[in-house]
Amino acid sequence: MAISLGFVCGVARAGYSRYVAIGDSQTEGLWDGDDAVGFLGFADRLAATLDSLYPGLQYANLAIRGKLVADVLSEQVPQALAMQPDLITVSAGMNDVIQPGRSFGRALDDLDDVYAALAGSGATVVTTTFPNVAQFLPCGRLVSPRLARINSAIHAAADRYGFRLVDLYAAASMRDLDTWSIDRVHASTKGHILFAAAAAEALNLPNSNHDWAEASQTPMRLSFTAGAYGHLRWTQDSFFPWIWRRLRGRSSADGRVPKRPRLERVSADCAEHDADPRRRHTACIDRPSGILDP
């Protein structure tokens with residue numbers, strides 16, 4: 001559903017001043033950086049773009065890898081709404097799609113509760129469908145029916161509440177191998193750049209377009225040997241550790257906290273440090289924003 005930038009629920013906006021991102025590993029930014037230098041991800045990249053258009057943007061990212069929709073509903077939604085944002089991005093549900101057991105129906109109910117709460121905030125809300133994981137993963141076909149159900153629910157909610165929708169499932173670029181990290185579940189740096197561009201288009205930001213959805217002109221192709229090795233690596237590095245955590249009742253979210261739990265300026269306000277341009281430049285370098293250079 002297309003909505004012109006600047007009008008949400010009948011309220012005109014000149015831009016965005018408070019952006020809060022909620023969700024799981026995709027929003028946290030896994031595989032776009034690492035634990036040593038920090039993760040960037042599509043939400044940080046989108047925040048940097050927004051700040052260039054609307055200087056002074058304040059941004060918080062509450063997402064944590066491994067979180068289920070129920071966690072987002074109980075932990076992140078109340079925190080996000082308390083910040084009174086005028087822009088929210090939400091991507092949650094893939095962990096529920098791959099979660100064994102019979103709780104998926106409840107997860108869909110929780111997702112609708114998430115959407116209903118965000119719709120009542122008056123903020124512009126951007127959400128996304130999930131790409132087809134069956135295209136690369138050995139076990140992907142096992143979750144295809146769930147993926148279809150959650151994408152249908154996301155489409156329905158976007159129509160019902162007037163959300164901006166990023167449709168990753170239908171985009172040809174999501175079928176390019178280099179859009180994804182080695183585990184074929186999380187986006188690569190290229191993938192996060194595409195996600196950010198897709199969100200910019202959904203918001204109808206200046207200079208945004210639909211190029212992000214186009215397939216690469218020189219797609220990466222894997223030989224049979226390379227493909228088999230990739231599946232083996234995925235099984236060893238991702239699937240077995242995931243099974244082991246579940247057997248112990250643990251999650252990759254355990255012990256983790258949001259990387260940006262409070263609204264903070266994306267770019268340092270250099271003018272408040274010193275009137276002298278030379279000292280002001282040094283102050284800006286010494287006070288990083290917390291977002292890596294996109």
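Figure 1. Serine 173 counts as buried, because its relative accessibility is 1%, and the cut-off for burial is under 20%. The residue is placed in the loop that runs between strand β9 and helix α7 (189–202). From its side chain, serine 173 reaches the backbone oxygen of tryptophan 212 at 2.7 Å. Once neighbours within four places in sequence are set aside, the contacts of serine 173 are Thr179, Leu194, Trp212, Ala213, Glu214 and Ala215.

**Figure 2. The open sheet of six strands.** The strands follow the order β9-β8-β7-β3-β6-β10, and their pairing is mixed. At the edges stand β9 (164–166) and β10 (260–265), each of which pairs on one side only. Direction ignored, neighbouring strands of the sheet are turned against each other by 15° on average. Strands of a sheet pair through backbone hydrogen bonds, in either the parallel or the antiparallel sense. For β6 (residues 58–61) and β10, the sense is antiparallel, and the pairing extends over three bridges. Within this pair, asparagine 61 stands opposite arginine 260 of β10.

**Figure 3. Helices α3 and α5 on the sheet.** Helix α3 (residues 69–82) packs on the sheet, where it touches β3 (18–23) and β7 (87–91). The direction of α3 makes about 175° with that of β3. Helix α5 (residues 104–119) also packs on the sheet, touching β3, β7 and β8 (124–128). For α5, an angle of about 175° is formed with the direction of β7.

**Figure 4. Packing of α3 against α5.** Two packed helices are described by the angle between their axes and by the distance between those axes. The axes of α3 and α5 come within 9 Å and cross at roughly 10°. The two helices are therefore roughly parallel to each other, since angles under 35 degrees are counted in this way. On the α3 side, the residues involved are Val69, Ala70, Leu73, Val77 and Leu81. They meet Ala107, Asp110, Leu111, Asp113, Val114, Ala117 and Leu118 of α5.

Figure 5. Asparagine 207 is exposed, with a relative accessible area of 77%.

**Figure 6. Arginine 265 in strand β10.** Arginine 265 is partly exposed, its relative accessible area being 33%. The C-alpha atoms of arginine 265 and arginine 18 are separated by 9.2 Å, although the two residues are 247 residues apart along the chain.

**Figure 7. Confidence along the predicted chain.** The mean pLDDT of the chain is 80, and 71% of its residues reach 70 or more. Over residues 1–13 the pLDDT stays under 50, and the model has 29 contacts beyond four places in sequence for this stretch. The pLDDT is also below 50 over residues 269–294, for which the model has 29 contacts beyond near neighbours in sequence. Where pLDDT is low, the predicted coordinates should not be read in detail.

How values were computed. Residues numbered from 1 in each chain as written. Heavy atoms only, no water. Pairing = 2+ DSSP bridges. Helix = DSSP H or I, 4+ residues; strand = E, 2+ residues; numbered from the N terminus. Axes fitted to C-alpha atoms, helices over the stretch in contact; angles between N-to-C directions. Contact = heavy atoms within 4.5 Å. pLDDT = per-residue confidence, 0-100. Buried < 20%, exposed > 50% of the residue type's maximum accessible area, 1.4 Å probe, protein only. Polar contact = N/O pair within 3.5 Å; in protein donor to acceptor, adjacent residues only side chain to side chain. Parallel < 35°, antiparallel > 145°, perpendicular 65-115°, else oblique.
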